[in-house]
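Please keep the structure in view while reading.

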Amino acid sequence: MFFEKREAENKEFNDKMHLLYPEFFGERFDNTWPMPGWHNIIHDLLETIKHHCVKYNLKGFKILQVKEKFGGLRFYYGFEDMYDTDMDCIDQYVAQAEKRAGETCEYCGMPGEIQGKTWLKCVCKEHAINRPT
């Protein structure tokens, strides 16, 4: 049941992001996303990047992969035809989102912290109960 729900949530979020930000997705994006607790963080990040690109008439920003790794958000992206100052701004936006995710439960979006010894996850107190370490 968990995996079916997770797959449906992933598809719904993927469809929404492709609808809102079609210019950010290329052939290399694998259409997978972290758990739903981080969806608002990712959406806010993409909105910020879109605003920056529109404001400065920038083209060529592409999302390559978005995932959870070692309890943190990893957001991989590429540029075509962007100046270093624009790349630096986008790097800062991504760093802020990754920091925010490191303080947010990836399951529910409530405040959380990275926990575990071998299997790191950013979770709230409720989701930390009964999870492998």
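In this predicted model, one aromatic cluster is formed by Tyr 21, Phe 24, Phe 61, Phe 75, Tyr 77 and Phe 79.

**Aromatic pairs**

- Across the whole structure, a search finds ten aromatic pairs.
- Phe 24 and Phe 61 make up an edge-to-face pair, with 4.9 Å from centre to centre and 80° between the planes.
- This pair links distant parts of the chain, since Phe 24 lies in the loop between α1 and α2 and Phe 61 in the loop between α2 and β1, 37 residues apart.
- Both partners, Phe 24 and Phe 61, are buried.
- The ring centres of Phe 75 and Tyr 77 are 5.7 Å apart and the ring planes stand at 45°, so this pair is classed as tilted.
- Phe 75 has a relative accessibility of 4% and therefore counts as buried, the cut-off being under 20%.

- Leaving aside residues up to four places away in sequence, Ile 63 touches Phe 24, Phe 25, Phe 29, Leu 46, Phe 75, Tyr 76 and Tyr 77.
- As a general background, nonpolar side chains in soluble globular proteins tend to be buried together.

**Helix α2**

- With 17 residues at 1.5 Å a residue, α2 should span 24 Å, and this agrees with its end C-alpha atoms, which are 24 Å apart.
- The buried residues of α2 are His 39, Ile 41, Ile 42, Leu 45, Leu 46, Ile 49, His 52 and Cys 53.
- Viewed down the axis of α2, these buried residues fall within an arc of 160°, so they line one face of the helix.
- Asn 40, His 51, Val 54 and Lys 55, on the other side of α2, are exposed.
- Just after α2, Asn 57 adopts a positive phi of about 50°.

Note on methods
Residues numbered from 1 in each chain as written. Predicted model: local features only at pLDDT ≥ 70, side-chain atom pairs only at ≥ 80, totals over all residues. Heavy atoms only, no water. Contact = heavy atoms within 4.5 Å. Helix = DSSP H or I, 4+ residues; strand = E, 2+ residues; numbered from the N terminus. Expected span 1.5 Å × (residues − 1). Buried < 20%, exposed > 50% of the residue type's maximum accessible area, 1.4 Å probe, protein only. Arc of directions from axis to C-beta. Phe/Tyr/Trp six-rings, centres within 6.5 Å; stacked < 30°, edge-to-face > 60°.
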